Amino acid sequence: MTDENSPRLQEFQSQVDDLRLSGGKANPERMAVRVAIVLFVVAIGLGLIAYFSSTSASDVRDQNESIILALVAVVVALGAVALFVRASLTRYFRYWLVRLVYEDRANTDRLIEALKEQSS
């Protein structure tokens, strides 16, 4: 629909480059997604440990400790999911905002061209 080599797109890309937005290794959303994945794996491990320790325990107090460990695993898993969703939405909304700005500029250019054609 849009020409990738249009001067307007090149101007927009140069303006985005001038903003010096980080998109590389220091991207906090990527780090958050990695931390969320690690936390989720830890939660699964804690859950498995709680399960196997509760099945082998005969004392109620030992089973209660396993229940507490399982609850900690659930809390860690929920935190990991929340972190993942937050990072994903942040990336999506950033992309959406840049796209919206670009489309608004393109629409403004079309409007200006149409007004110029009408006046001439």
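The following legends describe an overall view and several close-up views of a predicted model.

**Conventions.** In this predicted model, local features need pLDDT of at least 70 and side-chain atom pairs count only at pLDDT 80 or more, whereas totals for chains, interfaces and linings use all residues. Residues are numbered from 1 along each chain as its sequence is written, and side-chain values use heavy atoms, with hydrogens and water left out.

**View 1. The protein chain holds 3 helices and 0 strands.** Helices (H or I, at least four residues) and strands (E, at least two) are DSSP runs, numbered from the N terminus. The order of elements from the N terminus is α-α-α. Along the principal axes, the C-alpha atoms fill a box of roughly 90 × 25 × 20 Å. The radius of gyration of the protein chain is 26 Å, while a compact globule of 120 residues would have one near 14 Å; this radius is taken over C-alpha atoms, and the globule rule is 2.2 Å times the number of residues to the power 0.38. Of the 120 residues, 15% are buried (buried means under 20% relative accessible area, exposed over 50%, partly exposed in between, with a 1.4 Å probe and protein chains only).

**View 2. Glu 29 lies in helix H2 (residues 28-56).** Glu 29 counts as buried because its relative accessibility is 5%. Leaving aside neighbours within four places in sequence, Glu 29 is in contact (heavy atoms within 4.5 Å) with Ala 87, Thr 90, Arg 91 and Arg 94.

**View 3. A salt bridge joins the side chains of Arg 94 and Glu 29, with an N to O distance of 3.1 Å.** The pair links distant parts of the chain, since Arg 94 belongs to helix H3 (residues 60-119) and Glu 29 to helix H2, 65 residues apart. A salt bridge is a side-chain nitrogen of Lys or Arg within 4 Å of a carboxyl oxygen of Asp or Glu; by this rule the count is 3. Arg 94 is partly exposed, at 39% relative accessible area, whereas Glu 29 is buried.

**View 4. Arg 61 and Asp 59 form a salt bridge.** Their closest N and O atoms are 3.1 Å apart. Arg 61 is exposed, with 61% relative accessibility, and Asp 59 is partly exposed, with a relative accessible area of 28%.
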